Amino acid sequence: MEAFANSYHKSNLSLFKSADEAYTLAFALIMLNTDAHDPKIKKKMTKEEFVKNVRPALAKDTSVSEDYLNKLYDSIVNNEIMLHSVAMKGYLFKLGRTGGAGHNWNKRWFVLQNSCLYYYQKATDARARASIPLEDMVVAKAQHDERPFCLMLSRLDGHVINSIKYTSPTKDKTERGEHSFLLLSAESEKERDKWLKLLQKHVFFSKNPFFPLPNPVKRVPGKSSTVDFNTLQ
């Protein structure tokens, strides 16, 4: 999506102030497409909610008008973007914020689809709590003292992961994620390895994928917690 945003920005300099604007709007449209056409979501996002949600995420002096956003909304609602089928889904434990003496591991329902990883609070939820494009990502086996069968997702360039989070399970408010990595834990080695293989398969690159990888050993929170990037398969 970054490659698309950069290219689209260069081709539409009069519309977007930056590639970030194009990226934000593209992501908002993907989320709108899911909201509008997923039958499990009963309360659909209105045009007013869509515009109100997107406008603050754009530059203050943006050239993207409200009329343009209205037309985009109508286009998506009336013409569904057909997506590929789900590659894998299931429960994983996600490392959350540190709490007390240890870490907070939250059980979440994950769905891998269209080179994007979504997670939900539980399998029956209609709306994802966050979506993570697998663009320029490294996926590797990891070790953590508190949980077995871990895997870690991080950016190839070491930057913050490009993720979008719903700040409320019921309201259409989103924010950009601020995490530099995502640490997950499966229930078994077999399950972890299956997720690992499929996630690596769905990673795509906006740049030359052969530039140097990060340091082979990267530390993550926890006692002697490490991930060995040389274990990539």
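This is a predicted model: local features need pLDDT of at least 70, side-chain atom pairs count only at pLDDT 80 or more; totals for chains, interfaces and linings use all residues.
A residue is counted as buried when its relative accessible area is under 20%. Burial applies to both faces of E9. Phe181, Leu183 and Ser185 lie on one side, Leu182 and Leu184 lie on the other, and all are buried. Strand E9 is paired with strand E6 (residues 147-155) in an antiparallel arrangement, and five bridges join the two. Within this pairing, Leu184 of E9 is the bridge partner of Leu151.

Helix H3 (residues 47-54) has buried residues at Phe50, Val51, Asn53 and Val54. These residues span an arc of only 165° around the axis and are therefore on the same side of H3. Glu48 and Lys52, on the other side of the helix, are exposed.

A helix-helix packing was also examined. The axes of helix H2 (residues 19-37) and helix H4 (residues 66-78) come within 9 Å of each other and cross at roughly 40°. Because of this angle, H2 is oblique to H4; an angle under 35 degrees would have counted as roughly parallel. The crossing of the two helices is right-handed. On the H2 side, the contact is made by Leu25, Leu29, Leu32, Asn33, Ala36 and His37. The H4 side contributes Tyr68, Leu69, Leu72, Tyr73, Ile76 and Val77.

How values were computed. Residues are numbered from 1 along each chain as its sequence is written. Side-chain values use heavy atoms; hydrogens and water are left out. Buried means under 20% relative accessible area, exposed over 50%, partly exposed in between (1.4 Å probe, protein chains only). Helices (H or I, at least four residues) and strands (E, at least two) are DSSP runs, numbered from the N terminus. Two strands pair if DSSP finds at least two bridges between them. The arc is that of the directions from the helix axis to the C-beta atoms. Axes are lines fitted to C-alpha atoms, for helices over the stretch in contact, and angles run from 0 to 180 degrees between N-to-C directions. Angles under 35 degrees count as roughly parallel, over 145 as roughly antiparallel, 65 to 115 as roughly perpendicular and the rest as oblique. A crossing is left-handed if the near helix is turned anticlockwise from the far one by less than a right angle, and right-handed if clockwise. Contact means heavy atoms within 4.5 Å.
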